[in-house]
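Hi there,

Here is the structure I promised to pass on. Have a look at it first, and then read my notes below.

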Amino acid sequence: MTTVFTGRIRPFAPSTDVQVEAMAVDDATIVAIGSAEEVRRAHPDADVVALDGWVMPGLIEPHGHPGFAAILLSDLVVDLRPVVVPQAEGVLAALRTAVAEADGEAVFANGWDSLLQRGLPDPDIHFLDELAGGVPLVVIHNSGHSVYFNTAAALAAGIDRTTPDPAGASFGRDADGELTGVALEAAAVEMVVAPMLAKAQEQLPRILPAHLRDLASRGITTVADLSWNPGLGPLIDALRGKGEMPVRLRWYEMSRPGGIPSARGGDDPFFRQTGVKTWSDGSPWVGNIATSFPYLDTPATRALGLEPHHVGRANYTSDELSAIAEPYAAAGWQLACHAHGDRAIDATLDVFAQIIARHGLTDHRFRLEHCGAMTSVQFERAASLGVTVSLFVDHIMYWGEVLVDDLFGPEHGGPWADAGAAFAAGHRVTFHNDGWVTPNEPFRNMAVAETRTTRNGYRMPGGTPVTRDQALLAHTANAAWQLFSEREVGVLAPGLFADFIVVDRDPVTVSAEDLAATQVTSTYLAGVRVV
Ligand SMILES: [Zn+2]
């Protein structure tokens, strides 16, 4: 059964400025694309569907966390994210209300960010005990890299002063060794939120598909999960069985020191493992990215509890990171490493270079994630190694002023997430919204990379804007390539799946402001309308 879709089609192949009139789709796959006359002559018996609007490849989110975001953005968790609750008073009021209505249940809240929600108190164990009393209260930092908890929550999670720090992570402790109510980095965060994840299990058949449908409604047809829980596999299979899987999923398992890699194999175009995630450093917003330069000494850094001229450090030594990554690389997996600070990036590139040389790897596409303080020289070194980069440019939108005025100054904060430098070094750069950390708004993300301007209209005093062509490819063809999926998706071309979206304006020619406001009117996955 062949369908011919007609409209104003931007296939992004062979280049983004090409426009055609028709696309024939047979059994999920594009079989022809070109002028309406040619395509219809070749497929005279096809159904014809006229699409109203502009048609382009489905968007790809190359670094998301749909498994965890489905829970954090659900009704099981109090939503404190600064994009929803901008002021400190609102955050505290929401927590008090949730505790008052807890009815014996633990309260989990997500989105604390004292850099944007100015005036928040130090969320230590004493403050949270006072706020919540005997109700277990867990507050997740918006970055996901730290979590705050009270005494009752520690008890519920089975954590006390005798609990050792997991590798690459830590619990805050006072001079007497007592817990201060903060957990830093994934392995410790996971221990604190484990009761919430257990509670969420039975709700996942409801909340996971709802979250995936939300992504599809935003034009995303392929999403990568950089911290996938393999226990969700059966649920995905069940959704597919019911025809309710609205996106393709590419997932990365979370590396563990001494972890045993899963076996490679499988070419399922809807759902498969792509690689393994490691973490070289942490979040700029909590003080634990590894940089060659200190944080500024400002009221904001003091409020974060940082000593004057604090310098963050990496989660692991290079030897430790190498030991963690080696078995996964030896098993043939693509490595994806979180790295923000320039020191973390150097260390990660050193480790990648050793692994690449040791195994004689050629098409490894090892990834660096976020790349906040990555320099032009580092982008060039990464490119020469065949290492690819995914930039968190949306940091600029929300934290641009914070980066420059509060944390790093114009020299190091100004060029933050320098996508233009990455493209100039020859990378097939991608952008991301990182799950729940910023709203999944790929078009706005692209516009931010072009304007390097915050939501308040502040233009970053450094870094290089990208072109429209680069911005569009970052969430389509480049992202497909980064996920080893370029033979399946990313452009509209014969032989590839018919994953496309219809939008209300021409994404190639509108202004950056208009691009940011693009509305998705329908989403097609493998030729089938899902939204
Ligand atoms: Zn992430």
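What follows is a short tour of the metal site, the strands and the helix packing.

Please keep in mind that this is a predicted model.

Let me start with the zinc ion. Its donors are His 63 (NE2), His 65 (NE2) and Asp 434 (OD), at 2.1 Å. Along the sequence these donor residues follow the spacing H-x1-H-x368-D. His 65 sits in the loop between strand S5 (59-64) and helix H2 (66-72), while Asp 434 sits in the loop between strand S18 (430-431) and helix H15 (442-451), so this pair ties together parts that are 369 residues apart in sequence.

Next, the strands. Val 25 has Ile 30 of S3 as its bridge partner. The two strands make a hairpin with two residues between them, and Asp 27 in that turn has a positive phi of about 50°.

There is also an open sheet of six strands with mixed pairing, in the order S6-S7-S8-S9-S11-S10. Its edge strands are S6 (78-79) and S10 (170-173), each of which pairs on one side only. Within this sheet, S8 (residues 137-141) and S9 (residues 146-149) run antiparallel and are joined by three bridges.

Helix H3 (residues 88-100) packs with H4 at an angle of about 50°, and their axes are 9 Å apart. That angle makes H3 oblique to H4. Leu 92, Leu 95, Arg 96 and Val 99 of H3 make the contact with Phe 127, Leu 131 and Ala 132 of H4. By class, these residues are six nonpolar, no polar and one charged.

Finally, helix H11 (residues 342-359) packs with helix H10 (residues 318-330), their axes coming within 10 Å and crossing at roughly 40°. H10 and H11 are therefore oblique to each other, and the crossing is right-handed. On the H10 side the contact includes Ser 318, Leu 321 and Ala 325, and on the H11 side it includes Ala 347, Val 351 and Ile 355. In this contact there are seven nonpolar, five polar and two charged residues.

How does H11 lie relative to helix H12 (residues 376-385)? The axes of these two come within 11 Å and cross at roughly 15°, which means that H11 is roughly parallel to H12. Here the crossing is left-handed. Asp 342, Ile 345, Asp 346, Leu 349, Asp 350, Ala 353 and Ile 356 of H11 meet Gln 378, Arg 381, Ala 382 and Leu 385 of H12. This contact has six nonpolar, one polar and four charged residues.

How values were computed: Residues are numbered from 1 along each chain as its sequence is written. This is a predicted model: local features need pLDDT of at least 70, side-chain atom pairs count only at pLDDT 80 or more; totals for chains, interfaces and linings use all residues. Side-chain values use heavy atoms; hydrogens and water are left out. Two strands pair if DSSP finds at least two bridges between them. Helices (H or I, at least four residues) and strands (E, at least two) are DSSP runs, numbered from the N terminus. Axes are lines fitted to C-alpha atoms, for helices over the stretch in contact, and angles run from 0 to 180 degrees between N-to-C directions. Angles under 35 degrees count as roughly parallel, over 145 as roughly antiparallel, 65 to 115 as roughly perpendicular and the rest as oblique. A crossing is left-handed if the near helix is turned anticlockwise from the far one by less than a right angle, and right-handed if clockwise. Contact means heavy atoms within 4.5 Å. Ala, Val, Leu, Ile, Met, Phe, Trp, Tyr, Cys and Pro count as nonpolar, Asp, Glu, Lys and Arg as charged, and the others, Gly among them, as polar. Donors are N, O and S atoms within 2.8 Å of the metal (3.2 Å for Na, K and Ca); water is not among the atoms, so sites may look incomplete.
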